[in-house]
Amino acid sequence: MHRFLVSAAHKSSGKTAVSVGLAAELSRRGLAVQAFKKGPDYIDPMWLAAATGRPCRNLDFNLSAPDELRLEFARHGALADVCLVEGNKGLYDGLDLHGNNSNAALARLLDLPVVLVLDARGMTRGIAPLILGYQAFDRSIRIAGVILSRLGGSRHEAKLRSVIEHYTDVPVLGAMHEDPCLAIAERHIGLTPTNEDGAVQGRIAALAAAVAGQVDLERLLAATLSSVPLPAAPPLARPARPGVRIGIARDRAFGFYYPDDLDALERAGAELLFFDALRDARLPRVDGLIIGGGFPEIFMRELEANAALRGEILAAIQAGMPAYAECGGLMYLARSLTWRGDTRRMVGAIPGDVVMHGRPVGRGYVKLAPTEAHPWRDHGEEQLEIPAHEFHYSSIEGLAPDTRFAYRVARGFGVDGKSDGIVFNNLLAAYSHLRGSGSCDWPARFVAFVHRRAEERRAAPALLSAVY
């Protein structure tokens, strides 16, 4: 098995393009590649999943305990030939002084050699002390080699190779020349998701071809070969017999879901039915709804135009259907959405209006304390702090003073810096994104809540409506 972590000296070094190209080209050569992404990210994993044909799994110190990270890595990596972990930010960057949640800490935890992607624009001899410093800063981290990115041409490459070979013992595994055609488009919150990019496979093929021509894959595989088997992970429980049906919006506007959470919903006894909020006129017949994050502002005209589905969702929530929404889903369920001077009607289940801003309103890790208004908390959990994350450029305005909230925000911003998780009937809509883990098994809690409400409906059939 080959295992390694792709990191960089700083963000925007070309690391994701290299990771996607590596994953795609190794897969094209017949190797089973399991990709992982460090940190709370939805978009990079979409690209890695499209490159490998396998769901990409997230590894995040702030949302999962170290033992959980080891188990997740072992469970999903055991059947692969190559385990590729894409880091976030720089190799040693982290939230605390000691780097306990850095890429280097993850490499140490999982015993992974590091392939360092270095943005070489404007650099010649100065690249040597950079590499030597990264080696010396933490001797427990093994830098298996470097891949130079954004090179200015063959002469630039030759100079850098000569400097690195003379002053360091770190092999140059590849040299990627600057090519605007290979760039993955970015917007205010990161890369463009694959669910919006109709040419995604063409872009991935181009990245794979660039890697094939500019990276020594045989040398990379030799440098990252491991003879130590991954530890055995306890088998996951088999999916329970479906007891409820949950509709999930998954389309160009909404696509931010962790694969592990979708798996956990099924294990808890949910049958998942996906629908398109842009095109489907009717909801599938379901017992509950989930509308995850995404970019509803990009598609707000199409979302407004689909008045039939908006009406069905509003009627279902008003009738008491259990529903859960995160960030983009919250924006869609509000009365209106305003962006760049244009205002469009949304579902209207939340009595407030969403406005997009030019800067992030809430960004980073969050700690949430459940309140008594939380519709599917366990009693006695008010003192717990749930780890989550947020990244939103919007705020919601015009909420009534008596709005009920499911969470008190101990860290982060949420809706207003103090609260998050708007509660209306059996809807919980939050800016924060949850991740199912040992300390926050939200998929099982939500499925159990949906099941209880479904049982209550069956006991009182007169309450059923045409939609719900």
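**Close-up views of a predicted model**

**View 1. Secondary-structure elements around the largest cavity.** Helix α9 (259-267) and the strands β13 (288-291) and β15 (323-326) each contribute at least two residues to the lining of the largest cavity in this structure, which is a predicted model. The lining comprises 15 residues, and those that lie nearest the centre of the cavity are Phe256, Tyr257, Asp261, Glu326 and Trp442. Sorted by class, the residues that line the largest cavity are 12 nonpolar, one polar and two charged. The space in the largest cavity comes to about 120 Å³, and the count of cavities of 30 Å³ or more is one. Rolling a probe the size of a water molecule over the atoms shows where empty space is left.

View 2. Because its relative accessibility is 18%, and the cut-off for a buried residue is under 20%, Glu72 counts as buried. When neighbours within four places in sequence are left aside, the residues in contact with Glu72 are Phe36, Leu59 and Asp260.

**View 3. Ser226 in the loop between α8 and β10.** Ser226 lies in the loop that runs between helix α8 (217-223) and strand β10 (244-249). With a relative accessibility of 18%, Ser226 counts as buried. Once residues up to four places away in sequence are not counted, Ser226 touches Met1 and Arg3. The side chains of Ser226 and Arg3 are joined by a polar contact of 3.0 Å.

**View 4. Helix α1 and the glycine that follows.** Helix α1 takes in residues 15-28, and because its 14 residues should span 20 Å at 1.5 Å a residue, the separation of 20 Å between its end C-alpha atoms agrees with expectation. Of the 14 residues of α1, 12 are buried, so the helix is largely enclosed by the rest of the structure. The buried residues in α1 are Lys15, Thr16, Val18, Ser19, Val20, Gly21, Leu22, Ala23, Ala24, Glu25, Leu26 and Ser27. An α-helix has 3.6 residues a turn, so residues three or four places apart point the same way. After α1 comes Gly30, which has a positive phi, near 95°.

Terms used: Residues numbered from 1 in each chain as written. Predicted model: local features only at pLDDT ≥ 70, side-chain atom pairs only at ≥ 80, totals over all residues. Heavy atoms only, no water. 1 Å grid on protein atoms, 1.4 Å probe; cavity = no way out; pocket = protein on both sides within 12 Å on 5 of 7 lines; lining within 4 Å. Points joined across faces, edges and corners; volume = space filled by probe spheres on them. Helix = DSSP H or I, 4+ residues; strand = E, 2+ residues; numbered from the N terminus. Nonpolar A, V, L, I, M, F, W, Y, C, P; charged D, E, K, R; others polar. Buried < 20%, exposed > 50% of the residue type's maximum accessible area, 1.4 Å probe, protein only. Contact = heavy atoms within 4.5 Å. Polar contact = N/O pair within 3.5 Å; in protein donor to acceptor, adjacent residues only side chain to side chain. Expected span 1.5 Å × (residues − 1).
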